[in-house]
Structures are given as structure tokens and as C-alpha cells.
Amino acid sequence: FGSRSFRSSLTLMAASKRLLNVFRHVSAPCRFETPRMCATSAARQHHFIETNGQRFHVVTSGVVADKLPILCMPGAMGTAEGDFAHQLDGLSASRMVVSFDPRGYGQSRPPRRTYGRDFYHVDATDAAGIMQELGHSAYHVVGWSDGATSGVILAAQHSEAVKTLVVFGIQASVSKEDIEVYEGMRDVEKAWSKRALETHRAVYGDDVQPMWSGFCDAMKMLHEAGGDLCQKETRQITCPTLILHGENDPLVSRNHPEWVHKNAPNSLLHVFPGGKHNIHQKFAEKFNSLIL
């Protein structure tokens with residue numbers, strides 16, 4: 001992939017077709033390949049790995065063989081299996097898939113999650129440490145929501161390791177309008193769906209509200225500090241980048257992935273018609289085929 005670059009004279013349509021074709025057809029190890037289908041996926045394996053002063057719950061699935069593994073980075077309050085079950089099972093026919101519970105989430109507790117001004121950078125550093133502990137010096141990254149923001153930072157800071165990047169539900173900055181959205185969802189009893197609340201309560205119990213309030217407070221803090229989440233790092237990405245977005249995402253407006261597309265070199269933006277924030281779950285088969 002790295003040996004091919006866009007020509008400035010290409011139209012957006014031609015550029016999009018070319019980049020998508022590269023994601024599908026350039027030979028390993030610098031791309032995702034079309035998976036060989038099988039009747040059953042490889043069994044998930046659970047690990048506890050210590051890095052950067054934290055004990056992490058890590059889930060792997062599939063085999064390494066001669067292909068690079070895929071690292072899936074969860075969103076806010078997310079976990080490996082809660083966020084990426086469809087990818088741990090659906091992508092593992094052709095390569096190893098790795099995901100983890102970020103620090104303070106899921107089984108990567110105690111301690112409970114805290115949100116400092118640099119928490120996206122901390123998550124990126126943790127992800128790099130986990131892959132190093134697993135023995136992977138090169139890999140592909142798929143990031144959802146908060147994991148997309150940290151994925152961009154990871155790709156910028158570890159360009160020698162991250163060979164391709166897929167992000168969705170991404171924000172490179174937080175605006176006043178974004179804060180209004182978060183504040184509208186602050187009360188989990190009133191604003192969250194019954195399913196989302198039950199899913200998170202199964203993991204966090206009575207900590208759901210204080211943890212989510214902590215996240216909302218962190219967004220306000222970052223907005224007041226200028227609003228940059230990963231804008232600088234977006235411009236520093238050197239690997240091929242695929243940006244996916246749900247047309248009807250209620251959390252992340254389309255201007256966010258469009259900004260990333262305009263500022264990330266060698267990138268492609270693809271919108272899922274009718275999609276919301278969880279396109280990798282709602283449209284798992286199509287999602288998986290696009291990133292492979």
C-alpha cells in the first residue's frame with residue numbers, strides 16, 4: 001500500500017474506488033485480505049496482561065499464520081467482547097483478532113476508570129504495550145468511537161507498527177454541539193435505551209451512572225481546553241486509513257468523519273446508509289467485508 005499514493009488530479013470518486021481496491025487486493029503484509037470462509041470461528045482465548053502499570057483483560061481469536069493480526073479498540077465504557085464480538089468471531093477465519101478491556105473498564109479493573117486530560121493518549125499507549133507483550137511488532141488497527149480517537153493516536157505515534165487503520169464513530173475534536181449531545185444523554189435512566197442500560201449494568205452495576213457522568217465531565221473539560229482530541233495526530237498518520245460512518249449516527253455528526261477524511265493522508269470515507277453508531281454490529285457482515 002505504501003508504495004501507491006493518490007494523485008491530486010484524481011476525482012473524489014476515482015480516489016475512493018482506488019483506495020477501496022487497495023484495501024481489498026494489495027498483497028500481505030500491508031493490507032487486510034478477503035477472508036476464507038469457514039463454518040465455525042476459532043474459539044476465543046482470554047488473557048491477563050500487565051503493561052504500563054495496569055493489568056488488562058485481553059481476548060484473542062483466530063490464528064497468526066503469515067498474516068498480521070487485527071487489533072480492535074473499544075469505545076467509551078466498552079469491553080472486548082461487548083464491543084467486538086462480531087469481529088472476534090467473524091474475522092478470525094483468516095487471521096488473529098485481538099481486543100481488550102481498556103484500563104478501568106470491564107475486567108481491566110480495579111481501579112475504576114478515571115478521565116484525565118490525556119486519557120486517549122493513555123489508551124493508545126496501553127494498546128501498544130499489549131501488542132508488544134503479545135509479541136506483535138506490526139498489526140492492523142480497528143477503532144470504534146473513543147477507540148477510534150485512540151486508534152488515530154496509536155497510528156501516529158507508532159507508525160512502524162500500525163500498517164492500516166479503520167475508524168468509525170470517530171471524533172478528532174469536541175465542539176459545543178457535541179457537549180450538548182453528551183449532556184442530553186447524561187442521565188442514563190432517561191436517555192439510554194433499555195438494552196444499552198442493561199448491557200452496561202451487567203458489567204458495571206451501580207457504577208454506570210457515575211462512570212458515564214465522569215466521561216461527560218471529561219468531554220466538557222477537553223472542550224474548554226480547546227477541543228482537540230486527536231487533530232494533530234490525524235495529520236501525522238502515514239498508513240492507509242478507512243473511515244466508516246453511520247448515516248444516522250445520533251452521537252457523532254457527519255462533519256467529524258468528513259474532517260478526518262480531509263486531513264488524514266491516503267484515506268477513504270464510506271457511509272453506511274441508515275447506519276447509526278454501532279454499524280459494526282448492525283451491519284456486521286458488510287462491515288467485516290469492507291475492512292478485510
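**Exercise 1. Is glutamate 183 buried, partly exposed or exposed?**

Step 1. Recall the cut-offs: buried means under 20% relative accessible area, exposed over 50%, and partly exposed in between (1.4 Å probe, protein chains only).

Step 2. Glutamate 183 has 32% relative accessibility, so this residue counts as partly exposed.

Step 3. Look at its partner. The side chains of glutamate 183 and arginine 186 meet in a salt bridge (2.8 Å, N to O). A salt bridge is a side-chain nitrogen of Lys or Arg within 4 Å of a carboxyl oxygen of Asp or Glu. Arginine 186, at 19%, counts as buried.

**Before you go on**

This is a predicted model: local features need pLDDT of at least 70, side-chain atom pairs count only at pLDDT 80 or more, and totals for chains, interfaces and linings use all residues. Residues are numbered from 1 along each chain as its sequence is written, and side-chain values use heavy atoms, leaving out hydrogens and water.

**Exercise 2. Find which parts of the chain the pair glutamate 81 and arginine 44 ties together.**

Step 1. Start with the pair. Their side chains form a salt bridge at 3.0 Å, N to O.

Step 2. Place each residue. Glutamate 81 sits in helix H2 (residues 80-90), and arginine 44 in the loop between helix H1 (12-25) and strand S1 (45-51), so the pair ties together parts 37 residues apart in sequence. Helices (H or I, at least four residues) and strands (E, at least two) are DSSP runs, numbered from the N terminus.

Step 3. Glutamate 81 is partly exposed at 27%. Arginine 44 is partly exposed too, at 28%.

**Exercise 3. Describe the salt bridge of aspartate 126 and arginine 103.**

Step 1. The N to O distance is 2.7 Å.

Step 2. Aspartate 126 lies in helix H3 (residues 119-133), while arginine 103 is in the loop between strand S4 (97-100) and H3, 23 residues apart.

Step 3. Aspartate 126 is buried at 2%. Arginine 103 is partly exposed at 21%.

**Exercise 4. Locate the largest nonpolar core.**

Step 1. Define it. A nonpolar core is a set of buried Ala, Val, Leu, Ile, Met, Phe, Trp, Tyr and Cys residues joined through side-chain atoms within 4.5 Å.

Step 2. The largest one has 55 residues, and Leu71 and Met219 are among those with the most contacts inside it. Helix H8 (residues 208-224) gives the largest share, eight residues.

Step 3. Domain 1 (44-172 + 229-291) and domain 2 (174-227) both contribute, so the core lies between them. The domain bounds come from an automatic or database assignment.
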